[in-house]
Amino acid sequence: MVEKVYVTYNEVHKLCQASADRILNDFTPNLMIAIGGGGYVPARILRSFLKRPAAPNIPIQAIGLSLYEQLPSSNPSNPVETPGTKVTRTQWLDLSSLEMANLVGKNILIVDEVDDTRTTLEYAVKELQKDVQTAAAKLGTDEKTQFSIFVLHNKDKTKKGHLPQDMMDDGRYLAARTVSDVWICYPWEATDIDEHDTLAASQA
């Protein structure tokens, strides 16, 4: 049976808070790109902690990627999901607008909830890098765009996907917490938040 760990909104909030200083000082992001759906809530919480006095909020863009597949379960109310083999785009940046030009030369923080197989993160970084290079070529600029990654949880397991070596060497990857290979249940996935919080409390 798959071991499930229930994470509360309070825990997510505190993980973002604990990570904010390093992100602000080491990554200095001008923009966040949240990977949906799990990266939306952490990105929004994180933005509050990254706000500098008298400075505007860091903008958040969104992309949608799907890798997980639902498996048949003997208990329909307790479905189990597993990482799939193919990343599917469900939402992407508008390449025909000024949106891509606004990414060129920026420090961009990619936010997701969990680094499981790393396949989704690898796809996001590669595709965003290609799009930014295309936009930079159209603008006739060689300004460097730097990507960093923040996740709430990194699963301590062999990864199928790979991130750029310079990103790892430069420390531009941050997981708020590293956990074993368990199934993490986030609060935004819950249909009954009271039950979710009760299950989380029982694991404390």
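In which sense do strands E2 and E5 pair, and over how many bridges? E2 and E5 (residues 107–115) pair in the parallel sense over four bridges, where pairing requires at least two DSSP bridges between two strands.

## Basis of the model

This is a predicted model, in which local features need pLDDT of at least 70 and side-chain atom pairs count only at pLDDT 80 or more, while totals for chains, interfaces and linings use all residues. Residues are numbered from 1 along each chain as its sequence is written, and side-chain values use heavy atoms, with hydrogens and water left out.

## Overall fold

The protein has five helices and eight strands. These are DSSP runs numbered from the N terminus (helices: H or I, at least four residues; strands: E, at least two). Along the sequence the pattern is β-α-β-α-β-β-β-α-β-α-β-β-α. Of the 204 residues, 44% count as buried (under 20% relative accessible area, with exposed over 50% and partly exposed in between; 1.4 Å probe, protein chains only).

Strand E2 (residues 31–36) has six of its six residues buried, so E2 is largely enclosed by the rest of the structure. Leu 31, Ile 33 and Ile 35 lie on one side of E2, and Met 32, Ala 34 and Gly 36 on the other. In E5, Ile 108 is the bridge partner of Leu 31.

E5 also pairs with E6 in the parallel sense, over eight bridges. Here Asp 112 stands opposite Val 151 of E6. Nine of the 10 residues of E6 are buried. Leu 152 is found in this strand and counts as buried, at 0% relative accessibility. Its C-alpha atom is separated by 7.3 Å from that of Val 12, 140 residues apart along the chain.

Helix H3 (residues 119–139) has 21 residues and should span 30 Å at 1.5 Å a residue; its end C-alpha atoms are 30 Å apart, which agrees. The expected span is 1.5 Å times one less than the number of residues. Among the buried residues of H3 are Leu 121, Ala 124, Val 125, Leu 128, Val 132 and Ala 135, and also Glu 122, Glu 127 and Asp 131. Gly 140 follows H3, with a positive phi near 70 degrees.

The largest nonpolar core has 27 residues, and those with the most contacts inside it are Ile 63, Leu 128 and Ile 149. E2, strand E3 (60–71), E5, H3, strand E6 (146–155) and E7 each supply at least two residues of this core. H3 gives the most, with seven residues. A nonpolar core is a set of buried Ala, Val, Leu, Ile, Met, Phe, Trp, Tyr and Cys residues joined through side-chain atoms within 4.5 Å.

## The second largest pocket

The second largest pocket holds about 240 Å³ of space. A pocket is an open set of points on a 1 Å grid over the protein atoms alone, with protein on both sides within 12 Å along at least five of seven lines; lining residues have an atom within 4 Å of a point. The volume is the space filled by probe spheres set on the points, which are joined across faces, edges and corners, and the probe is 1.4 Å.

This pocket is lined by 16 residues, of which Val 5, Tyr 6, Val 7, Glu 11 and Arg 177 lie nearest its centre. Strand E1 (4–6), helix H1 (9–27), strand E7 (173–179) and helix H5 (193–203) each supply at least two lining residues. The largest share, three residues, comes from H5. By class, the lining has 10 nonpolar, four polar and two charged residues (Ala, Val, Leu, Ile, Met, Phe, Trp, Tyr, Cys and Pro count as nonpolar, Asp, Glu, Lys and Arg as charged, and the others, Gly among them, as polar).
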